[in-house]
Structure formats: structure tokens, C-alpha cells
Amino acid sequence: MNIVLLGFPGAGKGTQAEKLVEKYNFRHISTGDLIRHEIALGTPLGKEVEAVIDSGNLASDDLIINILVNAIKDENRSVIFDGFPRTLAQAEALDRYLALHGGKVDAAVLLNLSEEEVLKRLTSRRVCKECGAVYNIYAPDYTGKCTKCGGELYTRHDDDMHSARHRLEVFHKETQPLIEYYRKGGICKVVDGSKSIDTVFAEIVAVLGLSKGEEK
């Protein structure tokens with residue numbers, strides 16, 4: 001089973017992917033992680049994408065697809081694609097690649113949130129200057145200080161309201177068309193992402209038709 005996770009930044013895609021990996025042994029494919037891994041290894045693909053990033057540009061669809069294909073070419077497990085595809089061209093390329101190898105995207109799960117909730121989530125993160133621990137200002141146990149080392153907490157520049165609104169604009173421009181693409185394909189499953197982590201996970205498991213018999 002191959003699954004694409006869709007949703008606004010801050011919708012909880014990474015968290016839900018981790019839970020699916022833990023319970024059902026999915027392979028979690030995050031393009032950000034793949035890129036960092038290729039760069040760290042110093043592979044030809046890694047050097048190519050590093051040069052693009054250092055120049056201030058975004059990696060092309062072809063480069064991202066090549067990195068992803070390199071990561072999944074020998075994969076036999078079910079795969080969760082998180083952060084990929086981001087564009088229609090990437091979605092179509094993924095479909096072509098999977099079809100050539102007898103596979104397909106079985107479901108695209110949309111973690112649905114209101115823009116108001118997205119902005120709230122994106123601007124609520126605080127990071128410790130000393131140890132890097134991450135906190136949420138709306139968490140019941142939030143104190144304004146790092147509970148691990150007592151360090152000062154701060155707001156990263158990409159977590160301010162201006163950056164959050166920009167990320168929403170990018171989502172609408174690049175990712176919204178993907179939702180329509182998968183809806184037309186009849187595989188888009190919508191889950192209410194505003195609920196608790198465990199409730200959202202239970203709903204994802206239900207819409208995917210997963211059962212206890214499929215647990216690792």
C-alpha cells in the first residue's frame with residue numbers, strides 16, 4: 001500500500017506518519033530527510049541538490065524525483081509519502097514510476113484544517129536557545145522556559161505570522177491542485193486534522209481500511 005499524506009503545514013503529517021510506521025511498519029519517505037541524507041553522504045545527487053540550495057533556488061521536479069526513486073527502488077514495504085509530491089508534475093511522475101513497477105498510489109489522505117487553526121499552530125512553536133528542545137505555547141504544561149535545561153525560548157523566524165501566511169500561499173498555489181488531482185482519481189480520503197493526535201490516527205486507520213491483522 002502506497003499512501004500520500006496531504007495537508008497544510010502544521011497539519012500533523014509527520015506525527016501521523018510516525019504512528020503508522022510504528023504500528024504498521026510503513027516506510028516513511030520525507031523528501032526533506034532524503035535530501036539531507038544525500039547531502040550528508042556526498043552522493044552525486046546530494047552534491048547536485050546542495051549546489052541548487054546553496055544558490056538560493058528550489059530543487060527541480062526532476063531532481064526531487066530522482067532522489068525519491070533512488071530511495072524506493074528496492075523497497076518492498078508499504079510507503080508513506082510525506083512532503084512529496086508537492087506539484088502536479090511530481091504526482092504524475094510518481095504515478096508513472098509506480099505503474100512501471102506494478103504499483104500505484106492507493107490513497108491520498110488529506111488532514112483537513114481551517115486556515116485559522118493552521119496559523120495558530122504554525123506560530124505556536126518555541127525553541128530553546130540552549131538545547132534546541134521544542135515547545136508549544138498552547139500546551140497545558142508550557143511555562144515559557146525550557147524544562148530540560150532552563151534555557152530561554154524563542155520564536156524562529158520561519159514561525160512568525162508573516163512566514164506562516166507565506167507558507168499558506170505556497171500551499172494554495174502548489175499543493176491545492178494535488179487535492180483535486182487525487183479527488184478526480186477517486187482516492188482522496190479526508191480526515192479532520194483538528195482533533196486529537198490519537199483520534200486523527202484512528203480515523204486514518206479507518207479510512208485506509210487497516211486492521212490489527214496488518215500490524216507488524
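These are my notebook entries on the overall build of the chain and on one of its sheets.

**Entry 1, overall build.** I am working with a predicted model, and I began with the secondary structure of the protein chain, where I find eight helices and eight strands. I then looked up the extent of the C-alpha atoms, which fill a box of roughly 55 × 45 × 35 Å along the principal axes. The radius of gyration of the protein chain is 18 Å, and I note that this agrees with a compact globule, because a globule of 216 residues would have a value near 17 Å.

Of the 216 residues in the protein chain, I find 39% buried. For contacts between residues at least 6 apart in sequence, I looked up how many span at least 24 positions, and the share is 70%.

**Entry 3, surface and charge.** The accessible surface of the protein chain comes to about 12000 Å², and carbon and sulfur atoms account for 49% of that area. Counting charged side chains, I have 28 positive and 32 negative, with the centres of the two sets lying 3 Å apart.

I next followed an open sheet whose three strands run in the order β6-β5-β7, with antiparallel pairing. Its edge strands are β6, residues 134–136, and β7, residues 153–154, each of which pairs on one side only. Which residue of β6 is the bridge partner of Val127? I find that this partner is Val134.

Technical notes: Residues numbered from 1 in each chain as written. Predicted model: local features only at pLDDT ≥ 70, side-chain atom pairs only at ≥ 80, totals over all residues. Heavy atoms only, no water. Helix = DSSP H or I, 4+ residues; strand = E, 2+ residues; numbered from the N terminus. Rg over C-alpha atoms; globule rule 2.2 N^0.38 Å. Buried < 20%, exposed > 50% of the residue type's maximum accessible area, 1.4 Å probe, protein only. Contact = heavy atoms within 4.5 Å. Areas by Shrake-Rupley, 256 points an atom, 1.4 Å probe, with all protein chains shown as cover. Lys, Arg positive; Asp, Glu negative; His and termini not counted. Charge placed at Lys NZ, Arg CZ, Asp CG, Glu CD. Pairing = 2+ DSSP bridges.
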